[in-house]
Amino acid sequence: MIPIILLDPDRGSKKTIEKLLGKLLPLAECRCFSSPAKCCEYLKAEDVSLVLMSSEVGSTSLEHQLIISRMRAIRPEIEIILIGKDPLDETAAFRMMDDHISDYIRTPVTHDKLRHTLARIGCPVEHQRH
């Protein structure tokens with residue numbers, strides 16, 4: 001089993017990404033949260049290896065950094081993938097990559113983008129086509 005958290009306030013995005021994760025990581029157990037506080041509570045209680053976090057959580061890069069820093073303080077080894085929709089998010093994400101996030105996916109999240117990102121961080125993805 002691969003424990004994963006999806007932190008995103010948008011229900012539609014959560015469903016789409018959860019479906020893609022099910023295809024790519026059939027052994028994944030995905031927990032969805034819209035609140036960073038609830039996410040961090042879960043991180044304290046469970047051994048989670050991966051968080052996919054939407055840039056819609058928090059309204060500024062500073063808020064994203066604070067949320068990510070809180071998660072890293074709880075689980076320093078966790079992989080954190082930030083998901084964002086514009087190039088500004090991407091620029092800020094790459095500035096954070098050195099010590100905070102593992103990777104960045106620009107929306108829309110597709111099967112191929114997610115597969116490539118998961119493989120790059122070392123997750124054992126399924127190689128069959130969608």
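**Reading a predicted model, feature by feature**

Q: What volume does the largest pocket have?

A: About 180 Å³. A pocket here is an open set of points on a 1 Å grid over the protein atoms alone, where a 1.4 Å probe fits, with protein on both sides within 12 Å along at least five of seven lines. This is a predicted model, where local features need pLDDT of at least 70 and side-chain atom pairs count only at pLDDT 80 or more, while totals for chains, interfaces and linings use all residues. Residues are numbered from 1 along each chain as its sequence is written, and side-chain values use heavy atoms, with hydrogens and water left out.

Q: Which residues lie nearest the centre of the largest pocket?

A: Lining residues have an atom within 4 Å of a point. There are 14 of them, and Asp8, Ser13, Ile83, Thr107 and Val109 lie nearest the centre. Helix H1 (11–24) gives the largest share, three residues.

Q: How do I read two packed helices?

A: Look at the angle between their axes and the distance between the axes. Here the axes of H2 (residues 36–45) and H3 (residues 61–74) come within 9 Å and cross at roughly 10°. That makes H2 roughly parallel to H3 (angles under 35 degrees count as such). The contact (heavy atoms within 4.5 Å) includes Leu43 of H2 and Met71 of H3.

Q: And how many salt bridges are there?

A: Side chains of opposite charge can pair when their charged atoms come close. With a side-chain nitrogen of Lys or Arg within 4 Å of a carboxyl oxygen of Asp or Glu as the rule, the count is three. In one of them, Lys85 pairs with Glu56, with the closest N and O atoms 3.4 Å apart. Lys85 sits in the loop between E4 and H4 and Glu56 in the loop between E3 and H3, so the pair ties together parts 29 residues apart in sequence.

Q: Which residues does a cis peptide bond join?

A: Most peptide bonds are trans. In this model, a cis one joins Thr107 and Pro108, with omega about 5°. Pro108 is in the loop between E5 and H5.

How values were computed
Axes fitted to C-alpha atoms, helices over the stretch in contact; angles between N-to-C directions. Helix = DSSP H or I, 4+ residues; strand = E, 2+ residues; numbered from the N terminus. Parallel < 35°, antiparallel > 145°, perpendicular 65-115°, else oblique. Points joined across faces, edges and corners; volume = space filled by probe spheres on them.
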